[in-house]
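Hi there,

Here is the model I promised to pass on.

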Amino acid sequence: MESPSTKTEGKPSPMAVLGNHAVAYGLLDGGTDFASSYPGTPATEVMEQLVVFGKKGLMCADWATNEAIGLLEAGGAAISGVNSVSVCKHVGLNVAMDPLMTLTMTGVRGSLVLVVADDPAMHSSQNEQDNRIISLISGMPVFEPATIQECYDLAREAVAYSRKYEMPVMFRLVTRVSHAVGAIERKPRAEWEKLELVHDAKRFVVVPGNARVNHHKMLDLYAKMSADAETSQYWREIDLVPDPEMLIISAGSSSNYAHEAAIALGLKAKLFIPQLISPLPLEKLHSLLKSFKKVLIVEELEPFLERQVREIAQRQKLHDLVVIGKEEGLTSREGEMLTEVLMANMATVLGLKDVPAAKKLPQSSLDLLRARPPLLCPGCPHRETYVALTQALRRKEPVYCNDIGCYSLGVLPPHNTADIILCMGSSIGTATSIGKLHPDKTAVALIGDSTFWHYGLPGLANAVWHNAKILVVVLDNYTTAMTGDQPNPSSRQRPVLSIEKVCEAVGAKTVVLDPFDLKATRKVFKDLADEEGVKVVISRSGCIIPIYRKEKAAGELTTIEVDEELCNACGICADTGCPALLMTEKVVIVDKSLCVGCNYCVDLCTRGALKEVPLQ
Amino acid sequence: MRYDAILAGVGGQGTLSVGHILVQSAVEEGHQVIASETHGMSQRGGSVIFHYRLGEISASLVPKGQSELILSGEPMEALRFLDFLKPNGTVVTSDHGMLSPVAAQGGATYPALDEVWKAIKEWPAKLYVVSANKIASELGAPLAGNMVLLGAAAGLEALPMKYEVIRSFVEKRWPKFAEINLRALDAGKKAVTE
């Protein structure tokens, strides 16, 4: 959301922002000067806002081709003495793991904050890995905010923390914090002493002799950060009653649900909410634990806090302490928490009676519901590519190795163009071995332009090197569409890197076409499918969303009108799966609130029953 | 003050735009507000929900059974999220049914609207059906259905802000489309109050 900076008599009033935007403001005001990131839901808007700051000249911020490159740019900046940040979604961290695991050994000179947004419940992700665990193998300290104001305050704090310890810091978010909206109040921007670039090969050249020294130093530093955590006050304590009878330990988003549920159930509890979740203040926790008989640990995904609490209890011989967590059924290792579910679970594990369960919709109501999954938008060129591709390969046995992007939605009917999707850039690698091992099938790799630059390129080089028999389709809408239109090397917002030149240079037979031309597109797919070697088809047409927005702003929107005399309800147009077209027995109906007037259905109609008209 | 509401709809209808008006107007009215958006995956045609909460609360999701209001751009979406509603809470919904092509290709048809209305009322809920798309189209702005619905909810005093406050925010937020948006708001109010 935009960030209106409204002022009343000189004092800025609070402004409503996304959690992600609040993090970006905190990083800016903490004194960050450099940012490099690859987009990924739910993290994207942090970097989007940093890029806005970059355009205003407040820092140097730009998109990178993938998360490893983003972290390497930020790491290089921090080593050279500049306060820096890199932002990614949880699985993006997997791509960046290689530089990360060494950066925590070398440490940094300027600050380095790595913002990572986890996605419990997988709203838009392929897994729900819990990246808090990374701190245990990397020694990376982790901050986790619960509220929008904490997103701002702790991001600001993370910059100072990283600078103080010369250590990269993880700033962990989850979807429900990243995409929450609330008000923040800002503080003045922190000023830092400018560090000169120094040559320090002993520290930053990680040949084994130096790396052994670095590892030892990192473990010493972690011990120091642990000891300092006791007095850091990076936590909140909330007593729900004057003399609480139980302790609840919970951090981040989970602590919000724990707080609300405990109040609703009238629990006589004390909440301990760490903000620096690694390293935890173990002595502080010990002193709390020994004054209670019962502790509830409320957290989504892995028992990260719980294991550390159990360790303290064992080490300190707190034999009478009852620890209630995952195994007791308080929370799940799957999905995200909901207040009403947590309330029910709390009632069960605490043996509370008369807690009314949330009322459910009766079956008769559920029966009225119809599925409404995410879809390719009306006017999306990926639909056109899939219509042509599936028609061309109708008589063959295609294996569709798809990839991460809007085009993943090809998995849905009517396209069914996804047999395998693993991760960013997985399409070409998986298709390569299928092409080698299953010559009776047609191995197809489907990949978008942004994903091609992200991790497709090494896969393509490998496939050509091995002379694999695969058909690679680059669905080039010249933007990173799924995360909301961020630029990539072949987007049109700056000098373009040519996908076709790269493909030709590595030796792949390369064709560029416009998927709205069904006949020509279908013919190319059909002709190329059985050829030996790597064939690349670049199916190029711009993402409809920016086009639609431009037309809307200019008052130039169009829609499609149906001539009900001519339409015979043959279904050719609606069979493409366009959400704006609904087939009835006699005619097709166009939903004008969704139609963008892309004209594809007009071209498909054999009876001339459809016509583009201005929307009014 | 404590107040929870759910905004629902289909991606592309402007559900989040309405949410943003409610959030910023609450902030400027001095309320503590927290909301939660749906992001990612495709933008148009999928189910969308926006949680909206006022008061001393940090969790961004409305617990089931606590919402005062469900404001929906699509009948089935109102029903889908009905379990968020308090008993006897208010439902303001468009009567514009939209069947996903995924459902259509699986052989499903749109349920009879009367059955949807009956199911909503039996929750129990106070139901207000607004022909938002029709009204917006008649005003020459088929995409302003969200403003018609917002006008209806504000006109019913089902929101924590007065109608005039909402109106002035809409005017400020999109100066270029102020005239048509205000006409849509007023038409929405009129549809439920006259």
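Across the interface of chain B and chain A, 18 residue pairs are in polar contact, both partners at pLDDT 80 or more; a polar contact is a pair of N or O atoms within 3.5 Å, where within protein one must be able to donate a hydrogen and the other to accept it, and residues adjacent in sequence count only if both atoms are side-chain atoms. The side of chain B that touches chain A draws at least two residues from each of helix H1 (15-28), strand S2 (33-36), strand S3 (47-54), helix H2 (75-80), helix H3 (101-105) and helix H4 (113-121) of chain B. Helices (H or I, at least four residues) and strands (E, at least two) are DSSP runs, numbered from the N terminus. By type, that side of chain B has 29 nonpolar, 20 polar and 13 charged residues. Here Ala, Val, Leu, Ile, Met, Phe, Trp, Tyr, Cys and Pro count as nonpolar, Asp, Glu, Lys and Arg as charged, and the others, Gly among them, as polar.

Two notes on conventions. This is a predicted model, in which local features need pLDDT of at least 70 and side-chain atom pairs count only at pLDDT 80 or more, while totals for chains, interfaces and linings use all residues. Residues are numbered from 1 along each chain as its sequence is written, chains are lettered from A and ligands numbered from 1 in the order in which they are written, and side-chain values use heavy atoms, with hydrogens and water left out.

Back to the interface: 70 residues of chain A and 62 residues of chain B take part in the contact (heavy atoms within 4.5 Å). Together the two chains bury about 5600 Å², 62% of it on carbon and sulfur atoms; buried area is the accessible area (1.4 Å probe) lost on putting two parts together, summed over both. Four salt bridges are counted between chain B and chain A (a side-chain nitrogen of Lys or Arg within 4 Å of a carboxyl oxygen of Asp or Glu). Glu77(B) and Arg372(A) form a salt bridge, at 2.5 Å from N to O. Strand S10 (residues 180-184) of chain A also runs antiparallel to S2(B), joined by three bridges, with Val181(A) opposite Ala35(B). Strands count as paired if DSSP finds at least two bridges between them.

Now chain A itself, which has 21 helices and 25 strands. Seven of its strands form an open sheet of mixed pairing, in the order S5-S4-S6-S7-S9-S8-S14. Strand S5 (60-63) and strand S14 (276-278) of chain A are at the edges with a single partner strand each, so one side of each lacks a neighbour in the sheet. Within chain A, S8 (residues 142-143) and S9 (residues 169-174) pair in the parallel sense over two bridges, and Val142(A) stands opposite Met170(A).

Over all chains there are 39 salt bridges. Glu531(A) and Lys509(A) make a salt bridge at 3.1 Å, N to O.

Some backbone details are worth a look too. Most residues other than glycine have a negative phi, and most peptide bonds are trans. The Pro413(A) to Pro414(A) bond is cis, with omega near 10 degrees. Trp123(B) and Pro124(B) are also joined by a cis peptide bond, with omega about 15 degrees. Glu166(A) has a positive phi, near 55 degrees.

Best wishes
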